[in-house]
Amino acid sequence: MTCRSGDLLNSRFRIKLLTELAKKQVASVFIGGPTPPPFDPRVPAWVAARQATEACIVYPVHMLEGVLQGKASSVEVIFLSSSAAQEEPEEHPFFWSATIRPTAETILQALVHQRSELGTTIAVWRPKVVDTELARKYGSSLPPCDKNDSLTNRLKRQFNVSLIPTPKEYVMRRMRCRDE
């Protein structure tokens, strides 16, 4: 298994990564990455929409097409979406994710379907919350119940979860469930 990280919103980095991947036999690919920030009325809507589209659609489609291009064998695709994709976007704190991620899922599923005769499959994962810098920043904007209320507890209440995994813990748990 090879794991690479970098600025996936930078098309030059994606091209470099895809050039490296073209030289390898790829059995599976995990497409996960940036989440659009929470709705901020101070950011012009067109700017936020462009950023969200780049993060939620352009980057994942670019990676998927690049990985599948010229491959004659099956590839298992895992797309990390968000539970926001299944929630009503109106007044959602992650409005852009709730609005654009369903479209991203549809596009990626359609592209994978075109290769289904080769055995290519897609799984869409939709976590509620994962312990990231963005989640912590959002948690700090939530009002505390009392002076000792932690960021983690605020996020747990907001997303109605009992555990907030790190990205690695989330992926490892999902991979174990998949293999059982």
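Start with the largest pocket, whose volume is about 1,600 Å³. In this tour a pocket is an open set of points, on a 1 Å grid over the protein atoms alone, with protein on both sides within 12 Å along at least five of seven lines, and lining residues have an atom within 4 Å of a point. A volume is the space filled by probe spheres set on the points, which are joined across faces, edges and corners.

Select Phe-30, Ile-31, Gly-32, Leu-80 and Val-171: of the 49 lining residues, these are the closest to the centre of the largest pocket. Next, colour α1 (11-22), β1 (28-31), α2 (45-68), β2 (76-80), α4 (133-141) and α6 (167-179), the elements that each give two or more residues to this lining. Helices (H or I, at least four residues) and strands (E, at least two) are DSSP runs, numbered from the N terminus. With six residues, α6 supplies the largest share of the lining. By class, you will find 29 nonpolar, 14 polar and six charged residues around the largest pocket; Ala, Val, Leu, Ile, Met, Phe, Trp, Tyr, Cys and Pro count as nonpolar, Asp, Glu, Lys and Arg as charged, and the others, Gly among them, as polar.

A word on what you are viewing: this is a predicted model, in which local features need pLDDT of at least 70 and side-chain atom pairs count only at pLDDT 80 or more, while totals for chains, interfaces and linings use all residues. Residues are numbered from 1 along each chain as its sequence is written, and side-chain values use heavy atoms, with hydrogens and water left out.

Pick out Pro-37, Pro-38, Phe-39, Asp-40 and Lys-137, the closest to its centre among 18 lining residues. Here α2 and α4 are the elements giving two or more residues to the lining, and α4 has the largest share, with five. The lining divides into 11 nonpolar, four polar and three charged residues.

Which residues line the largest cavity? Select Ile-31, Gly-32, Gly-33, Pro-34, Ala-55, Tyr-59, Pro-60, Phe-79, Leu-80 and Arg-101 to see them. A cavity is a set of points where a 1.4 Å probe fits but cannot get out, and the structure holds one of 30 Å³ or more.

Now show Phe-30, Trp-125 and Tyr-170, which form one aromatic cluster. Rings of Phe, Tyr and Trp (its six-membered ring) pair if their centres lie within 6.5 Å; planes under 30 degrees apart count as stacked, over 60 as edge-to-face and the rest as tilted. The count by this rule is six aromatic pairs. Trp-125 and Tyr-170 make an edge-to-face pair, because their ring centres are 6.0 Å apart and their planes stand at 80 degrees. This pair links distant parts of the chain, 45 residues apart: Trp-125 belongs to strand β3 (residues 121-125) and Tyr-170 to helix α6.

Are these two buried or exposed? Trp-125 is buried at 3% relative accessibility, and Tyr-170 is buried at 9%; buried means under 20% relative accessible area, exposed over 50%, and partly exposed in between (1.4 Å probe, protein chains only).

**Last stop: a loop**

Finish at Leu-118, in the loop between α3 (95-113) and β3. Leu-118 is partly exposed, at 31% relative accessibility.
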